[in-house]
Amino acid sequence: MTASQRDIALSAGRLARTLQDWIGANFRLPAPDIPSLTSFSRLGSDEDQIPHPGEAAGTDVPAEEAASLVRARWGLGNAPIPNVVHLLEAHGVRIFSLSRDCLEVDAFSFWDRGIPFVLLSTEKTAERGRFDAAHELGHLVLHGEEQMPHGPQAEAEAHRFAAAFLMPRSDVLAHAPHGASTSWILQGKRRRKVAAMALAHRLHELGLTTEWQYRTHCVELGRLGYRKSEPRSGVVRETSQVLGKVFTALRSEGTRPADVARDLYLRPADLNDLIFGLVVTAQDGDGQPHQGMSGRPKLSIVR
């Protein structure tokens with residue numbers, strides 16, 4: 001990542017905090033419900049103890065156990081998650097989108113005054129966007145509120161958490177055959193709404209494929225175009241339901257996104273970058289000041 005890309009990402013984080021403060025002052029949002037499982041992180045220990053993406057490992061993987069505990073706390077069972085972004089928002093994570101000028105950043109997360117934030121790129125495939133959201137949840141859960149390390153060890157742990165969160169061990173073992181074919185992977189990815197490469201990695205992590213089979217899957221999937229995209233995917237890109245409800249409520253009372261941008265000293269385009277492009281932020285030409293925004297309805301998110 002270049003310095004300019006990092007600066008753009010950090011700027012997006014500051015703008016997200018500003019918009020969150022404004023929304024939080026005017027709408028009732030879900031309280032944060034993110035378990036703190038920092039004891040399941042092995043940061044600071046021998047790096048070799050932390051499995052990396054695609055690496056086969058035994059059952060003693062704390063990040064896997066942490067993902068299982070979060071699923072249990074949230075009552076998810078082992079079934080596929082229909083919408084990861086909506087799930088995180090229902091548990092108090094504030095989710096915003098990254099500017100398209102920030103192409104080198106897939107996602108990042110942080111805590112601010114006890115509130116967890118996740119910012120996601122809108123340029124990834126739907127499947128990879130879901131994985132990125134789960135990956136950032138892993139950081140929030142495993143690496144704590146005081147500091148959010150993002151070195152190789154932290155990234156490996158968050159990756160393993162995301163894989164286990166989206167593809168629980170017991171569910172994969174119940175449905176996947178040993179030595180699964182590439183064709184099976186292309187079928188299995190649809191049920192879990194994950195990238196084909198991610199499922200191939202997961203099968204190998206759980207010991208369901210050999211090193212040779214895993215490498216064969218990677219070669220075959222790459223040849224079919226699954227290394228950077230998900231051909232013929234029917235998965236819809238996930239966006240924020242909180243932001244959608246906020247701006248629907250504002251629109252119903254006659255408040256325009258451009259008015260919100262003006263209140264926050266933002267350009268309408270910058271606001272739109274933060275909210276997944278959910279609304280048109282163009283300023284109309286009547287030249288008249290807008291009415292005040294008193295009496296705004298409170299917002300509740302249905303889980």
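1. The lining of the largest pocket comprises 12 nonpolar, six polar and 11 charged residues (Ala, Val, Leu, Ile, Met, Phe, Trp, Tyr, Cys and Pro count as nonpolar, Asp, Glu, Lys and Arg as charged, the others, Gly among them, as polar). The model is predicted, with local features requiring pLDDT of at least 70 and side-chain atom pairs pLDDT 80 or more, while totals for chains, interfaces and linings use all residues. Residues are numbered from 1 along each chain as its sequence is written, and side-chain values use heavy atoms, without hydrogens and water.

2. This pocket has a volume of about 740 Å³. Of its 29 lining residues, Asp106, Ala107, Lys124, Asp132 and His135 lie nearest the centre. A pocket is an open set of points on a 1 Å grid where a 1.4 Å probe fits, with protein on both sides within 12 Å along at least five of seven lines; lining residues have an atom within 4 Å of a point.

3. H4 contributes the most to this lining, with seven residues.

4. The axes of helix H4 (residues 126-143) and helix H5 (residues 152-166) come within 7 Å and cross at roughly 120 degrees.

5. By class, the contact of H4 with H5 has 12 nonpolar, five polar and three charged residues.

How values were computed:
Axes are lines fitted to C-alpha atoms, for helices over the stretch in contact, and angles run from 0 to 180 degrees between N-to-C directions. Helices (H or I, at least four residues) and strands (E, at least two) are DSSP runs, numbered from the N terminus. Grid points are joined across faces, edges and corners, and a volume is the space filled by probe spheres set on the points.
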